[in-house]
Amino acid sequence: MKNVTRSEEGQALTEMVLTLFRVNNLMLTWGDRLVAPLGLTSARWQILGAIVAADRPQPVAWIARDLGANRQNVQRIVNDLAKDDLVQFQPNPHHRRAHLVVLTEKGQRAIEAASKTYGPSANVLAEGLRLYDINAAHGLLLALRRKLEGETDVEEYD
């Protein structure tokens, strides 16, 4: 590999991104362990959370966009959630083929149970971390997200 000249900021960002990849994998493993007793995975939990966070029912493509995820991957997980009666599809008055995804009662109970499990675990994970540092890291990640979203085409739903 050729030597690539980076600014100090570029080098620091590279080191942070490599750490972020590792932390992301560790967080997914942590989340999987946390919600496994509920019959969920981090991926399923994340999608259920996105459905709850939306101000109205959305098609899969919009859920994927909100998560910054691949639509096909989200579709596969949503289909699995539907098979397990955690979500259902409803007709979309604005698009004949892009059905809306909504939680079922079972899905609502699952996300509520995950939230109850998450709260105390998040508190334990946050122990020893300074609120200022958490907020600063969050702000940096939001700024990176905005920059990256500006450089990436958003996939339209089918």
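1. Let's begin at aspartate 133, which counts as partly exposed at 36% relative accessibility. Partly exposed lies between buried (under 20% relative accessible area) and exposed (over 50%), with a 1.4 Å probe and protein chains only. The term salt bridge means a side-chain nitrogen of Lys or Arg within 4 Å of a carboxyl oxygen of Asp or Glu.

2. A word on the model: it is predicted, so local features need pLDDT of at least 70 and side-chain atom pairs count only at pLDDT 80 or more, while totals for chains, interfaces and linings use all residues. Residues are numbered from 1 along each chain as its sequence is written, and side-chain values use heavy atoms, leaving out hydrogens and water.

3. Now look at helix H4, residues 71-83, which holds both arginine 76 and aspartate 80. Helices here are DSSP runs (H or I, at least four residues), numbered from the N terminus. The pair sits 4 residues apart, about one turn of the helix, and forms a salt bridge with its closest N and O atoms 3.9 Å apart. Arginine 76 is partly exposed at 47%, and aspartate 80 is partly exposed at 24%.

4. Finally, find arginine 65 and aspartate 66, whose salt bridge has its closest N and O atoms 3.0 Å apart. Arginine 65 is partly exposed, at 39% relative accessibility; aspartate 66 is partly exposed too, with 36%.

How values were computed: Helices (H or I, at least four residues) and strands (E, at least two) are DSSP runs, numbered from the N terminus.
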